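This report goes through a protein model part by part. Keep the sequence and the 3D view open while reading.

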Amino acid sequence: MRAIAVSEYGATPAPTHLPRPRPGPGEILVRLIAAGLNPLDWKVADGLLKDSVDAPFPLILGQDGAGVVEEVGEGVTRLRHGEQVYGSFFGVARGLGSYAEYTLAEDDGPVARMPDGMIYTEAAAVPTACMTALALVERAHVDEGQTVLVVGATGGVGQAVVQLAADTGATVIATAREGMAAQMRRLGAEATVDHSLGDLNGQVLAVHADGIDAVLDMVSDTAGTEEIAQLLRPGGIYASTTWAVNPDAMAARELRGLNFEGEPSAELLERVSDLIDASRLRVVIEREVPLEEAPAALAANRAGGARGKTVIRI
Ligand SMILES: NC(=O)c1ccc[n+]([C@@H]2O[C@H](COP(=O)([O-])OP(=O)(O)OC[C@H]3O[C@@H](n4cnc5c(N)ncnc54)[C@H](OP(=O)(O)O)[C@@H]3O)[C@@H](O)[C@H]2O)c1
């Protein structure tokens, strides 16, 4: 099968041909039609998990995908042959991933039937960004009456966070460079601040002089979180998807610090499907590329400037 893989950690991702995997007991084989790109994909290629997962090489990249159940292993009861499915196919320990014509999933893993009427390229963009956003907004207890700053709002996770935080009734302030402010407002942000202009805190205080209740941050480093945390009122929460928060430093300022770790599951993905079906959440696709262009798309994501999700057509 065609796939995009690395020959070792730190190597440049490249197109290759590898054997089609075979499903064992409790597993399904999925023929992938589309994959969704996440920053984790190039971080894995760089060696992010080299001390925690003993991966074989070549290592196929990618986790998010959508396709058709091609074969089911012994004992599989939830998913059926021929069903359209989407989800997170995280297979680093076996060298498998979603940038390939076929991959495996556990019957009880974070894979679900695709929402009605959704096409494969759209479904592949959803899993990690939307599951992360939903769990993040819930774990930060974002609620009506609060004011929330979303940092990294224009990216794949951020655009879902803006919608779900606004959906709770909270007032959302989103970071956005010039040209993205209108998009952020369409997704539910009440105000935007441009991080490229500097003095982010001053821009927020100009619209909310009394400070804010929560920061949901997809990009900052630790120094950045400590600077932005000055906006929070006592009892406020700072949540980071990049594990940049120092919870002790936050506690010393009467704030709560949360380093968010995603726990993808079929149940969480089904809740995402319900929100999409109810038109309360939509995924924003920035570009689609063929499988062979996935290495260039990964390099582009690493360089920054994402305006939504990149989808890979397989
Ligand atoms: N912990 C978890 O479970 C978990 C789950 C999912 C994702 N993540 C992590 O969360 C991060 C975001 O993921 P993603 O998929 O949303 O990435 P993405 O699609 O690449 O988007 C990142 C966005 O942040 C913007 N940005 C960059 N620097 C900024 C700054 N200083 N202030 C405000 N915005 C800024 C970028 O636009 P500009 O470059 O134009 O500014 C871009 O729109 C990644 O590091 C990813 O690995 C963690």
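Two strands count as paired if DSSP finds at least two bridges between them. Strands (E, at least two residues) and helices (H or I, at least four residues) are themselves DSSP runs, numbered from the N terminus. The structure is a predicted model, in which local features need pLDDT of at least 70 and side-chain atom pairs count only at pLDDT 80 or more, while totals for chains, interfaces and linings use all residues. Residues are numbered from 1 along each chain as its sequence is written, and side-chain values use heavy atoms, with hydrogens and water left out.

**A sheet and its surroundings**

Strand β1 (residues 2–6) pairs with β4 in the antiparallel sense over 2 bridges. Within that pairing, A5 has I60 of β4 as its bridge partner. The open sheet to which they belong has 3 strands in the order β2-β1-β4, with antiparallel pairing. β2 (14–17) and β4 (59–60) stand at the edges with a single partner strand each, so one side of each has no neighbour in the sheet.

The loop between α1 (39–46) and β4 contains P58. The peptide bond joining F57 and P58 is cis, with omega about 0°. Another backbone feature is at D199, a residue other than glycine with a positive phi near 45°. D199 lies in the loop between β11 (191–193) and α6 (200–207). Most residues other than glycine have a negative phi, and most peptide bonds are trans.

**Salt bridges**

A salt bridge is a side-chain nitrogen of Lys or Arg within 4 Å of a carboxyl oxygen of Asp or Glu. By this rule there are 12 salt bridges. In one of them, E292 joins R2, and their closest N and O atoms are 2.7 Å apart. E292 is in the loop between β15 (285–290) and α10 (294–303) and R2 is in strand β1, so the pair ties together parts 290 residues apart in sequence.

**Two domains**

Where do the domains run? The domain assignment gives domain 1 (2–126 + 283–313) and domain 2 (129–259); such bounds come from an automatic or database assignment. The contact (heavy atoms within 4.5 Å) takes 10 residues from domain 1 and 11 residues from domain 2.

Buried area is the accessible area (1.4 Å probe) that two parts lose on being put together, summed over both. V126, V284 and R307 supply 55% of the area that domain 1 buries against domain 2, more than any other three residues.

| Item, domain 1 and domain 2 | Value |
|---|---|
| Separation of centres (C-alpha atoms) | 29 Å |
| Buried area | about 780 Å² |
| Share of buried area on carbon and sulfur atoms | 59% |
| Salt bridges between domain 1 and domain 2 | 0 salt bridges |
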